[in-house]
Amino acid sequence: MAPSMDRQGFWGKPTSTLDWCEENYVVSFYIAEFWNTVSNLIMILPPIYGALQTLRNGLEVRYVYSFLGLAAVGIGSWCFHMTLKYEMQLLDELPMIYSCCVFVYCIYECFKQENAINYLPISLLLLFSISVSLVYLQWKEPIFHQVMYGALVACLVLRCVFIVTWVYPWLRPLCYVSLGFFLLGFLLWNIDNLLCGSLRASRQTLPPGVGVVTQFHAWWHILTGLGSYLHILLSLQIRSTYLKHRPEIKFVCGVWPTLHIGSAKTG
Ligand SMILES: [Zn+2]
């Protein structure tokens, strides 16, 4: 990192335990990391639409929570990258854990009766969320958060791969596209952390329009936002197929995938 390149801005000195590779207060005096902030829109707007669509379809409320959880991560991440304040960092990182717990519940309970609530996994996931929060509030080590988040994502991946391998093989493309986006995002997240010096140097020489493409943490937001959204869609499709709701993926404006439910149940 090269702190000498960071300017002072509206929110004052960063208090977060992490400061990403994007140079601070370069684009705007009011936004510490401009591209890392605005790239969160993809994690905010589509999931809100998804939550409304889920309500309209009359599907289980756990999926409304899934979409809103993802939107909460996007909003928290927006606030964190805009301010680089420690409290805002928690608003980004803790909802990542909570929303992933909702995803885990949905995907592990997808072959149960409609609207059935299973209190054992809920209690375990709640216990996990509370423990991670308490430890992380005391031990401000970002790697702890990253490992806990990674463990939840691994649980999701294993379960999804199992389902599309053995139960609903026609959902393989959706599963692997979602996973692919996530892994590509993770690769760019690492490059952004490991090669920050070179990336910053390259942005000094590249024209601004091209330099912005090297904001790999912003790409991580876009790719994991897409990957997480598609994961919820996959989970919803598995669930509504199991419940014989005739789910169908439709593309808004020909590009953005959303899930629609047929008017009558089949079978
Ligand atoms: Zn971020």
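1. Starting with a span from the record: this is a predicted model, and in it the end C-alpha atoms of residues 64-83 sit 29 Å apart, with the span 100% helix and 0% strand. Those residues are one of the stretches that the unreviewed UniProt entry lists as "transmembrane region"; the others are 95-111, 118-137, 143-167, 174-191 and 218-236. For residues 118-137 the end C-alpha atoms also come out 29 Å apart, and that span is 95% helix and 0% strand.

2. Now the helix itself. H3 covers residues 61-83, and at 1.5 Å a residue its 23 residues should span 33 Å; the end C-alpha atoms are 33 Å apart, so the two agree. H3 is mostly covered, with 17 of its 23 residues buried. Just after H3 comes Leu-84, which takes a positive phi of about 55°.

3. Next, the annotated histidines. The unreviewed UniProt entry gives His-81, His-217 and His-221 as "binding site". Why can they be said to gather at one spot? They span 141 residues in sequence, yet no two of their C-alpha atoms are more than 11.2 Å apart, so one spot it is.

4. His-81 belongs to helix H3. Is His-81 buried or exposed? It has 28 C-beta neighbours inside 10 Å, and the cut-off for buried is 20 or more, so His-81 counts as buried. Setting aside neighbours within four places in sequence, His-81 is in contact with Ala-32, Glu-33, Asn-36 and Thr-37.

5. His-217 sits in helix H10. With 22 C-beta neighbours inside 10 Å, His-217 counts as buried too. Its contacts, again leaving out neighbours within four places in sequence, are Trp-20, Cys-21, Glu-22, Asn-36, Trp-189 and Asp-192. Note that Asn-36 turns up in the contact list of His-81 and also in that of His-217.

6. On to the packing. The largest nonpolar core holds 55 residues, and the members touching the most others are Cys-100, Phe-103, Val-104, Leu-152, Ile-232 and Leu-233. At least two core residues each come from helices H1 (34-38), H2 (41-56), H3, H4 (86-108), H6 (142-166), H7 (172-194) and H10 (216-242). Which helix supplies the largest share of this core? That is H10, with 13 residues.

7. A last look at one of those core members. Not counting residues up to four places away in sequence, Leu-233 touches Leu-174, Ile-249, Pro-257 and Leu-259.

Notes. Residues are numbered from 1 along each chain as its sequence is written. This is a predicted model: local features need pLDDT of at least 70, side-chain atom pairs count only at pLDDT 80 or more; totals for chains, interfaces and linings use all residues. Helices (H or I, at least four residues) and strands (E, at least two) are DSSP runs, numbered from the N terminus. The expected span of a helix is 1.5 Å times one less than its number of residues. A residue is buried if 20 or more other C-beta atoms lie within 10 Å of its own, exposed if 12 or fewer, and partly exposed in between; C-beta atoms are placed from the backbone. UniProt positions are given in the numbering used here, feature names are shortened, and annotations may be inferred rather than shown by experiment. A nonpolar core is a set of buried Ala, Val, Leu, Ile, Met, Phe, Trp, Tyr and Cys residues joined through C-beta atoms within 7 Å. Two residues are in contact if their C-beta atoms, placed from the backbone, lie within 7 Å.
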